[in-house]
Amino acid sequence: MSWASRRQFKYLSVFLLIVGLIIFAFIYPLIFKEPTCADKKQNGNETGIDCGGSCLKVCQTQALSPTILWSRAFPVTDSFYNLVALVENPNKSAGLRSVNYEFRIYDTNNKLIGRRQGSTYLAPNKQMAIFESRFDSGETEIRSIVFEFVPPYDWIQTKLGLDLLPISADRITWGEDEMNPTLTARVKNESIYDIPSFEAIAIVYDLEKNAINASKTYKENLRSNGTSSVIFTWPNKLNRISVSEEVLLQINPFTTVY
């Protein structure tokens, strides 16, 4: 091979090498894709398909189902009832941004007379009340209700930031009019953050710690180091004497991040 031919071969080899590297740079990402949490494969540090590890989604096998502590229908006035379920998310670092639920209402003959459906969030490691207001039973007396969450459960990793904030309710007192009961509480925000709108639900219990009624109200916001009163009302006298009260402050952790 002549000197000129060797030089041409050298130039051609360099050219082909450069072309090959360019083609490889385009093809490599297509053939050897980086693991993601949406590629429908278990790869990277995932513990399941697109779940666990550094993925936001929690694998179903690694999350506990929510617990239903009790469900009740509380009389309001005439044929109207408030439907309430006290539930608990036992997962310490997993929550549900949205989950569907259903109340089923039965009369004294155990006949299904109605349903109430809705959706809610579930904060991690926390009890909360699901409240459906003013169900009309017509001329039928309610005997019992059944509350259920409707799968699937799309658990996601959630920090416990809100639970660590010093937000509480105290100074719970009853009004003097037993025929139109009112319950007042003070909500304290001793954190450095302003709190946006939230729900406050009061549950009253008898001597055996059975829930005898409940009421819900909203607060628009609560500034850092501020206090505010919340008032709960009932249009009629309670059918049993209240021995203890609980005020649940329910702040959505998926719309409030600290």
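**Note on strand pairing and salt bridges in a predicted model**

1. R223 counts as exposed, at 60% relative accessibility; here exposed means over 50% relative accessible area, buried under 20%, and partly exposed in between, computed with a 1.4 Å probe on protein chains only. D194 counts as partly exposed, with a relative accessibility of 42%.

2. Residues are numbered from 1 along each chain as its sequence is written, and side-chain values use heavy atoms, with hydrogens and water left out.

3. R223 and D194 are joined by a salt bridge, their closest N and O atoms lying 3.6 Å apart. The term denotes a side-chain nitrogen of Lys or Arg within 4 Å of a carboxyl oxygen of Asp or Glu. Because R223 belongs to the loop between β11 and β12 (226-233) and D194 to the loop between β9 and β10, the pair ties together parts that are 29 residues apart in sequence. Salt bridges that share partners also join E102, R104, R115 and E148 into one network.

4. The count of salt bridges by this rule comes to nine. One of them pairs E132 with R116, with 3.1 Å between the closest N and O atoms. E132 is in strand β5 (residues 126-136) and R116 in strand β4 (residues 112-122), so this contact ties together parts that are 16 residues apart in sequence. Strands are DSSP runs (E, at least two residues), numbered from the N terminus. E132 is buried, its relative accessible area being 14%.

5. A further salt bridge forms between the side chains of K188 and D170, at 3.5 Å from N to O. This pair links distant parts of the chain, with K188 in strand β9 (residues 182-189) and D170 in strand β8 (residues 167-174), 18 residues apart.

6. An open sheet is formed by three strands in the order β11-β10-β13, with antiparallel pairing; two strands pair if DSSP finds at least two bridges between them. From one strand to the next, the twist averages 20 degrees, with axes taken as lines fitted to C-alpha atoms and angles running from 0 to 180 degrees between N-to-C directions.

7. Strand β10 (residues 198-205) and β13 run antiparallel and are joined by seven bridges. Y205 has S244, in β13, as its bridge partner.

Note on methods:
Predicted model: local features only at pLDDT ≥ 70, side-chain atom pairs only at ≥ 80, totals over all residues. Helix = DSSP H or I, 4+ residues; strand = E, 2+ residues; numbered from the N terminus.
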